[in-house]
Amino acid sequence: MKPLHVAAAPLVALALSGQAPPATYVAGQVWEYHTRPQDAGSLLKVQRVEMMGDKKVYHISIVGVHFSTPGMAGILPHTPVSDETLDASVTQLSTAKRDFPTAALDEGIEQWRKARGGVFTIPVSQIVGIIDDQTAKAAMQSGPSPVGSQ
């Protein structure tokens, strides 16, 4: 049998690292997370939890994102993520009162199911960065409308 102080060492190391301890995530929770610098104050909400095989899928919404594409709303209404994503991202439960999308969430989940979509396993800040980059590239490729065309 291991001494208690040896068994507790990983928990102490986690606490000293500044990361949130592993948690049970449930629908309705609003979390602060490690954001990109431009997204300070952004929050995520666990909207729904479901099983995919033997793994949990967390359908989250993210608000307060600052995208580089002008005119793009600062909301990601549906992002399917894993325990690993939340464990690597969240810092503490939030008491902030923010509006999170519901109609767009339902549409996103429906599209995800139809496409038999996957689940992100990377931190939320990286997910937001990838979506920001892809949106900016798409906007650049579409370019401005030619003069006189409408």
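## A buried tyrosine

Tyr 25 has a relative accessibility of 2% and therefore counts as buried (under 20% relative accessible area, with exposed over 50% and partly exposed in between; 1.4 Å probe, protein chains only). The model is predicted, so local features need pLDDT of at least 70 and side-chain atom pairs pLDDT 80 or more, while totals for chains, interfaces and linings use all residues. Residues are numbered from 1 along each chain as its sequence is written, and side-chain values use heavy atoms, without hydrogens and water.

## Aromatic pairs

Two aromatic pairs occur in the structure (ring centres within 6.5 Å, using the six-membered ring of Trp; planes under 30 degrees apart are stacked, over 60 edge-to-face, the rest tilted). Tyr 25 and Trp 31 pair edge-to-face, at 5.5 Å centre to centre and 70 degrees between the planes. Tyr 25 and Tyr 58 lie 5.7 Å apart at their ring centres with planes at 85 degrees, so this pair is also edge-to-face. The latter pair joins distant parts of the chain, with Tyr 25 in the loop between helix 1 (4–17) and strand 1 and Tyr 58 in strand 3, 33 residues apart (DSSP runs numbered from the N terminus: helices H or I, at least four residues; strands E, at least two). Tyr 58, at 1% relative accessibility, counts as buried.

## Nonpolar core

The largest nonpolar core contains 17 residues, and Leu 44, Ile 60 and Ile 62 have the most contacts inside it (a core is a set of buried Ala, Val, Leu, Ile, Met, Phe, Trp, Tyr and Cys residues joined through side-chain atoms within 4.5 Å).

Arg 116 lies in the loop between helix 3 (103–114) and helix 4. Although not a glycine, Arg 116 has a positive phi of about 50 degrees.
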